[in-house]
Amino acid sequence: MLARMTSINLADRAVDLGEWAKSTPDAAAEFATAVRTWLDENLAGDFADLKGRGGPGSEHEFFAERLEWDRHLARHGWTCIGWPTEYGGRGATLEQRIIFHREYARANAPARVNHLGEELLGPTLIAFGTEGQKKRFLPGIVDVTELWSQGYSEPGAGSDLAGVSTSARLDDDAGKWIINGQKIWTSLAHVAQWVFVIARTEKGSSRHAGLSFLLVPLDQPGITVRPIQQLTGTSEFNEVFFDDAETDADLIVGEPGEGWKVAMGLLQFERGVSTLGQQVGFARELDNLTEVARTTGAVDDPELASRLARADIGLTVMRAHAHRTLDGDVTSQAGAASVSKLLWANWHRDLGELAMDVVGAPSLIGPAATAEGKANNITDPENVELDEWQRLYLFTRADTIYGGSNEVQRNIIAERVLGLPREAR
Ligand SMILES: Cc1cc2nc3c(=O)[nH]c(=O)nc-3n(C[C@H](O)[C@H](O)[C@H](O)COP(=O)(O)OP(=O)(O)OC[C@H]3O[C@@H](n4cnc5c(N)ncnc54)[C@H](O)[C@@H]3O)c2cc1C
C-alpha cells in the first residue's frame with residue numbers, strides 16, 4: 001500500500017478511495033460513471049473556462065460564472081447530494097459522496113460557491129431547525145439562490161467564542177430580534193444574502209449561557225459589510241456591523257439561550273464531513289505540484305522529492321482518519337474532528353511552503369505576465385499579479401487559523417480525549 005501511495009499518482013489515489021466502498025463494487029462503479037459522464041458532458045462549452053477556477057487563494061475568480069455553474073449542478077440534482085431526499089438532497093451514502101468529490105476533482109471542476117450553506121448551515125437546520133425553517137431555507141441552498149455567511153467571530157471573540165458580545169433583544173410588538181454589535185472575518189458576506197449569527201440574547205449572561213443562533217438577512221439598513229483585504233490582495237472576508245439590524249422573531253434556531261449547542265453542532269459539520277471535497281482537492285494540488293517538480297527538474301532534489309513523498313503519505317493518513325471518523329469508529333467525535341482539522345490544516349500549510357520551494361526563485365517575484373497576458377508590474381506590490389502557487393502559499397497561512405486554530409484543537413484533544421486538566425482561564 002505504502003509503496004503504491006508514494007508513487008504520487010492521482011489514479012492510484014482514486015482507486016484507494018474506491019476501496020472505502022461499503023456497498024457492491026458494481027453499484028459504486030455505476031455511480032462513479034454517472035457522475036463522470038455528467039461532468040464530462042456539462043463542464044464544456046462556456047463552462048469549460050471554469051476548470052480549475054476559484055481554488056484556495058483564487059476564490060475571487062469567475063464568481064458570477066461559478067455561481068451559474070452551481071445553479072446548473074442544482075438543476076441536475078448535483079447539489080446537497082448527501083442530504084435526505086425529503087429536503088431536496090439525494091440521500092447519497094458516504095461512499096457516494098466520496099465518489100462524487102473524487103470525480104469532481106478529477107474533472108478539475110471549479111470551486112463551489114455555497115459551501116457554507118450546503119455543508120454547514122443546511123445540515124445544522126436539518127438537525128436543529130423547525131419544520132418551518134427547513135421549508136423556508138433548505139430549498140434556497142439546494143438551488144443556490146440564497147448564499148450564506150458565518151457570523152461567529154468578533155474582534156473580542158475568536159478562539160474564545162464564548163466571549164461573544166453582539167447582542168439581540170426580542171421586540172415582541174414588532175415580532176423582530178433587534179441586533180447590535182460587530183462580527184469580523186465573515187467570509188463571503190459581501191456576496192451572500194444571509195448570515196447566521198451567534199448573539200447574546202440574555203442580558204447579563206456570560207460565556208456559553210444566554211446565547212442564541214439567529215438567521216439574519218444581510219440586505220437591510222441596519223447592516224454594513226466592509227471588506228478586509230487579504231495577503232493575496234483580494235477580499236473574501238469582511239467586517240459586518242449590526243446597528244439595530246432586524247430579523248423575524250421565528251428565525252432563531254433552537255431555543256433562546258441554547259445557541260451554544262447549535263453553534264457547536266455546526267462546528268462539528270465544519271471540521272468533519274464538510275472537508276471530504278477539500279481532501280480530494282488536496283490530492284489534485286499535490287499532483288499538479290508534482291508535475292511542476294518533474295517539469296522543472298526539482299524532483300531530482302532528494303530533499304524536495306522526499307517532501308513530495310511525505311505529502312503523499314500525509315494524504316493517506318488523512319484519508320484513513322476521515323474514514324474512521326465518518327464511520328463512527330472513534331471514541332470521541334469532538335476529538336476526531338479536531339484531529340482531522342489539525343491533520344489537514346498542517347498538511348495544507350506545508351504544501352504551500354513546499355510549493356514555494358519547488359517553484360524556487362521565481363516564487364519570489366511572480367509570473368512575468370498576468371492571466372490576461374499583460375506584462376506583470378512586479379515593482380508595484382499593490383498591483384502585482386500572483387501565480388497560482390503564490391496564491392496557494394499565501395492562502396494556506398490561514399488554514400491553521402480558521403475553523404478553530406491549531407492551539408484550540410490541541411486544547412480540545414487534551415481536555416476531552418486525554419482527560420487532562422482544563423487550562424486555566
Ligand atoms: C481565511 C479565514 C476565514 C475566516 N472566516 C470566518 C467566517 O466566515 N466566519 C467567522 O465567524 N470567522 C471566520 N474566521 C475567523 C476565525 O474563526 C478566527 O480567526 C479564529 O477562530 C481565531 O480567532 P482570532 O482570529 O480572534 O484569534 P485569537 O483567538 O485572538 O488567537 C490568537 C492566537 O492565540 C492562540 N490562542 C488563543 N487562545 C488560546 C488558548 N486558549 N491556548 C493556546 N493558544 C491560544 C490562537 O491559536 C492564535 O494563534 C476566518 C478566519 C480566516 C483566517
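Among contacts in the protein chain between residues at least 6 apart in sequence, what percentage joins residues at least 24 apart? After that, please look closely at strand 5 (residues 211-217): which strands pair with strand 5?

Analyst: This is a predicted model, in which local features need pLDDT of at least 70 and side-chain atom pairs count only at pLDDT 80 or more, while totals for chains, interfaces and linings use all residues. Residues are numbered from 1 along each chain as its sequence is written, and side-chain values use heavy atoms, with hydrogens and water left out.

Among contacts (heavy atoms within 4.5 Å) in the protein chain between residues at least 6 apart in sequence, 71% join residues at least 24 apart. The protein chain has 13 helices and eight strands; these are DSSP runs numbered from the N terminus, with helices being H or I of at least four residues and strands E of at least two. Of its 425 residues, 50% count as buried, a term that means under 20% relative accessible area, with exposed set at over 50% and partly exposed in between (1.4 Å probe, protein chains only).

Turning to strand 5, six of its seven residues are buried, so the strand is largely enclosed by the rest of the structure. Two strands count as paired if DSSP finds at least two bridges between them. Strand 5 runs antiparallel to strand 4 (residues 194-200), and seven bridges join the two. In that pairing, Ser-212 of strand 5 has Ala-199 opposite. Strand 5 also pairs with strand 8 (residues 252-253), again in the antiparallel sense, over two bridges. Here Phe-213 stands opposite Val-253 of strand 8.

Other strands are paired as well. Strand 7 (residues 237-248) is joined to strand 3 (residues 176-183) by seven bridges, and the two run antiparallel; Glu-246 in strand 7 stands opposite Ile-178. Strand 7 pairs with strand 6 (residues 223-228) too, in the antiparallel sense over six bridges, and there Glu-239 of strand 7 is the bridge partner of Arg-226.

Helix 5 (residues 94-106) and helix 9 (residues 276-296) pack at about 35 degrees with their axes 9 Å apart. The contact includes Leu-94, Ile-98 and Ala-105 of helix 5, and Leu-276 and Val-280 of helix 9. Axes are lines fitted to C-alpha atoms, for helices over the stretch in contact, and angles run from 0 to 180 degrees between N-to-C directions.

Ala-311 belongs to helix 10 (residues 302-326) and, at 10% relative accessibility, counts as buried. Leaving aside residues up to four places away in sequence, Ala-311 touches Leu-286 and Trp-347. The C-alpha atoms of Ala-311 and Leu-354 are separated by 9.2 Å, although the two residues are 43 residues apart along the chain. Ser-338, in helix 11 (residues 333-359), is buried at 1% relative accessibility. With residues up to four places away in sequence not counted, Ser-338 touches Gln-409, Ile-412 and Ile-413.
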